[in-house]
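Trainee: Please pick one part of this model and go through it closely. What surrounds it, and how do the neighbouring elements pack?

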Amino acid sequence: AAIRNAALHADARVRLEAVRALAALDPQLPAALVDRLLADPDSRVAEFAARTLAARTRHGRDTLVALLRRRDLFGRQRARRLQALRTLGALGDPEVLPLLRRSFRGGLFGVSVEERRVAYAALAGYPPAARRPWLEQGRRSGDAEIRRTCEQLLATSEEVSS
């Protein structure tokens, strides 16, 4: 209880240490606390919470997906969105890929180039069969870096399957 209270402390350094302790000691965190830490005003706390706490719970994964499904027109949440993509990629849950459709699109209704590149790079953590359609789509991208990433991941998938 004391560590959970420290996660709400005014000082970001205390919150960060509380997140570290909670990740190691508390397997049953309340969803409201996870949400609050993922939306922390200090980006270090929010990013660390995404890497540690969100990865352990279904609710945490859903919160990261919800963050990515919202529009970020002015890029205010970019660091959190990039960390969410990396975290979801590290988890490798193929069920989330269809929910992240917009993360793989650019243009008026898509996301920034940086976010698209991270989304395609994060595909490395997903099972080969689940990521293949997204990699095939990326091979046709106008962005050379995305094409290169997709070609490398496809080549890796083919090496593993043979």
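Mentor: Take Leu100, which touches Val65, Leu68, Leu85, Leu88 and Tyr126 when residues up to four places away in sequence are not counted (contact: heavy atoms within 4.5 Å). This is a predicted model, in which local features need pLDDT of at least 70 and side-chain atom pairs pLDDT 80 or more, while totals for chains, interfaces and linings use all residues. Residues are numbered from 1 along each chain, and side-chain values use heavy atoms, without hydrogens or water.

Leu100 belongs to the largest nonpolar core, a set of 40 residues (buried Ala, Val, Leu, Ile, Met, Phe, Trp, Tyr and Cys joined through side-chain atoms within 4.5 Å; buried is under 20% relative accessible area, exposed over 50%, partly exposed in between, with a 1.4 Å probe and protein chains only). Together with Leu37, Phe104 and Leu123, Leu100 touches the most other members of this core. At least two core residues come from each of α2 (12-25), α3 (31-38), α4 (43-52), α5 (58-69), α6 (78-91), α7 (113-122), α8 (128-139) and α9 (144-161) (helices are DSSP runs of H or I, at least four residues, and strands runs of E, at least two, numbered from the N terminus). The largest share, five residues, is that of α2.

The axes of α5 and α6 lie 9 Å apart, at an angle of about 135° (axes are lines fitted to C-alpha atoms, for helices over the stretch in contact, with angles from 0 to 180 degrees between N-to-C directions). That makes α5 oblique to α6 (under 35 degrees is roughly parallel, over 145 roughly antiparallel, 65 to 115 roughly perpendicular and the rest oblique). From α5, Arg61, Leu64, Val65, Leu67 and Leu68 take part, and they meet Arg80, Arg81, Ala84, Leu85, Thr87, Leu88 and Leu91 of α6. Val65, Leu68, Leu85 and Leu88 are also among the residues that Leu100 touches.

α6 packs on α7 as well, at about 10° and with the axes 8 Å apart, and α6 is therefore roughly parallel to α7. In that contact Arg78, Arg81, Leu82, Leu85, Arg86 and Gly89 of α6 meet Glu114, Glu115, Val118, Ala119 and Ala122 of α7.

Next to consider is α4. The axes of α4 and α6 come within 9 Å and cross at roughly 15°, so these two helices are roughly parallel to each other. On the α4 side the contact consists of Ser43, Ala46, Glu47, Ala50 and Arg51, and on the α6 side of Ala79, Arg80, Gln83 and Thr87. Seven of the 10 residues of α4 are buried, so α4 is largely enclosed by the rest of the structure. The buried ones are Val45, Ala46, Glu47, Phe48, Ala49, Ala50 and Thr52, and they pack against α2, α3, α5 and α6.

Leaving out residues up to four places away in sequence, Gly138 touches Tyr120, Ile146, Arg147 and Cys150. The C-alpha atom of Gly138 is separated by 8.9 Å from that of Arg148, 10 residues apart along the chain.
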